[in-house]
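Please read them alongside the sequence and the coordinates.

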Amino acid sequence: MTTLDVFEDEPLRLVEPVAPASPARQRRSPRRVRSYTADDWFSLLGSLLASFALVTVGYLHILDFSGILGFAVCWYVAFLLIYATVVSISNPRYIVVERLVAATLYVAAGVVILALASTIIYVFAEGWRALDHVNFFTHDMAGVSPTAPLTQGGILAAIVGTVIEVGMAMVVAVPLGLGTAVYMTEVQGRGSQLVKTVVEAMTALPEILAGLFVYVVLIIGFGLPKSGLAVAAAMAVTMVPIIARAGEVGLRVVPSGLREASSALGATHWKTVRKVVLPSARAGLATAVILAVARGIGETAIVLIVSGASSFLTFNPVSEPMNSLPLFIYTAYSTHESIAVTRAFGAAAVLLAMVLVLFVAIRLLVRTRGGRR
């Protein structure tokens, strides 16, 4: 019997082909770097507690040091070292770097917020006794001595003077500064580089130099009396470069594709600037105005040089000297009388509130429809 006879006796069967076994594909979803699991939170909390305990024993007991600032710095350094060690046990290097950078940024933001909050709380706490009296907002200090009780006198003259002076300065500085920013960004003529250099140099101009400049030119040169108008002119000198420089940054953030799309639709250059560029940069321009106003509203040397302190209420900024809140704070605190110092802190609290109201008002005016929704 041959091999062929054996195969002829057995029936033929069809065998389905078997595909070669392929290794199972492991779908690995990428891990989000900024996502925190329960293990990450426990690592963070454990590192905080461990570093605090280590620094408490080493800094206060073993080394016998004292001081809150030194303790905080040592605690922060120990926390970074322990936290990096704990995170590196179960995470790759880029996760460790991200966690350390995030911790550093959060600590920096917390320090800034703590400093700002402590300043505001301290000012309002020290000036609350003055803020508790209605006459503090409705009377001036004409005929009132620094040692008079808080039921006498007030800061009405300083509030009115500050509002008038800053308002007049804004009328001049805002359009001039925004126009300069548009010229440096959108026009870019022959003199744009020179204008940019002058603006950058004037940004660091001390306020007292602006006050001396206005004093020499307007008061001595043209015979203008010491008044709120001279103060507004000096404030405008310091506010224009800030608006121009910060406004230029805000305009450069606008994508060039928006300008090109507007030009492709047939819009002229100035129509593109007015309809596309300026609305797109409204947030940055509002920030520029806020920065300039915050600098102008806190001027003391300018008011002291070109106007002088006055204790009576006046609404005439052209021919009469006008007081301001910063100058009132300076003169009241320099007496070193407890009642006057309380008035100074009350005026500082009112100044902070005015800046906050102005900031919120400008933000509400420039916010987009998406922000309203």
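1. Burial terms and basis. In these notes a residue is called buried when its relative accessible area is under 20%, exposed when that area is over 50%, and partly exposed in between, with a 1.4 Å probe and protein chains only. The structure is a predicted model, in which local features need pLDDT of at least 70 and side-chain atom pairs count only at pLDDT 80 or more, whereas totals for chains, interfaces and linings use all residues. Residues are numbered from 1 along each chain as its sequence is written, and side-chain values use heavy atoms, with hydrogens and water left out.

2. Overall make-up. The secondary structure of the chain comes to 16 helices and zero strands, where helices (H or I, at least four residues) and strands (E, at least two) are DSSP runs numbered from the N terminus. Of the 373 residues in the chain, 35% are buried. The accessible surface amounts to about 22,900 Å², and 69% of this belongs to carbon and sulfur atoms; such areas come from the Shrake-Rupley method with a 1.4 Å probe, and for residues only the protein chains shown count as cover. With a contact meaning heavy atoms within 4.5 Å, 71% of the contacts between residues at least 6 apart in sequence join residues at least 24 apart.

3. Helix α4. This helix spans residues 93–131, has 39 residues and reaches 55 Å from its first C-alpha to its last, close to the 57 Å expected at 1.5 Å a residue; the expected span is 1.5 Å times one less than the number of residues. A bend of about 35° occurs at Ala125, the bend being the angle between axes fitted to the seven residues ending there and the seven starting there. The buried residues of α4 include Ile95, Val96, Ala102, Ala103, Val123 and Leu131, and the buried residues of this helix pack against α2 (38–62), α3 (68–90), α5 (135–138) and α15 (338–366).

4. Another joins Arg259 to Glu186, with the closest N and O atoms 2.8 Å apart. Because Arg259 lies in helix α10 (residues 256–264) and Glu186 in helix α6 (residues 156–187), this pair ties together parts that are 73 residues apart in sequence. Both Arg259 and Glu186 are buried.

5. Arg252 pairs with Glu248, the closest N and O atoms being 3.2 Å apart. Arg252 and Glu248 are separated by about one helical turn, because they are four residues apart in helix α9 (residues 228–252). Arg252 counts as partly exposed because its relative accessibility is 44%, whereas Glu248 is buried, with a relative accessible area of 1%. Salt bridges that share partners join Lys196, Glu200, Arg245, Glu248 and Arg252 into one network.

6. In helix α14 (residues 325–334), Leu325, Pro326, Leu327, Phe328, Ile329 and Ala332 are buried, and what covers the buried residues of α14 includes α6, α12 (282–297), α13 (301–306) and α15. After α14 comes His336, with a positive phi near 60°. Met354 is placed in helix α15 and touches Thr162, Val163, Ile297 and Leu325, not counting residues up to four places away in sequence. The C-alpha atoms of Met354 and Ile159 are 9.4 Å apart, although 195 residues separate the two in sequence.

7. Not counting residues up to four places away in sequence, Thr151 touches His133 and Asn135, and its C-alpha is separated by 8.6 Å from that of Ala130, 21 residues away along the chain. Phe65 lies in the loop between α2 and α3 and is partly exposed, at 45% relative accessibility.

8. A surface patch. Val57, Ile62, Leu63 and Phe65 make a nonpolar surface patch of about 410 Å². Patches are made of residues with over 30% relative accessible area and no salt bridge, with like charges joined within 9 Å and nonpolar side chains (Val, Leu, Ile, Met, Phe, Trp, Tyr) within 5 Å.

Definitions and conventions
Salt bridge = Lys/Arg side-chain N within 4 Å of Asp/Glu carboxyl O.
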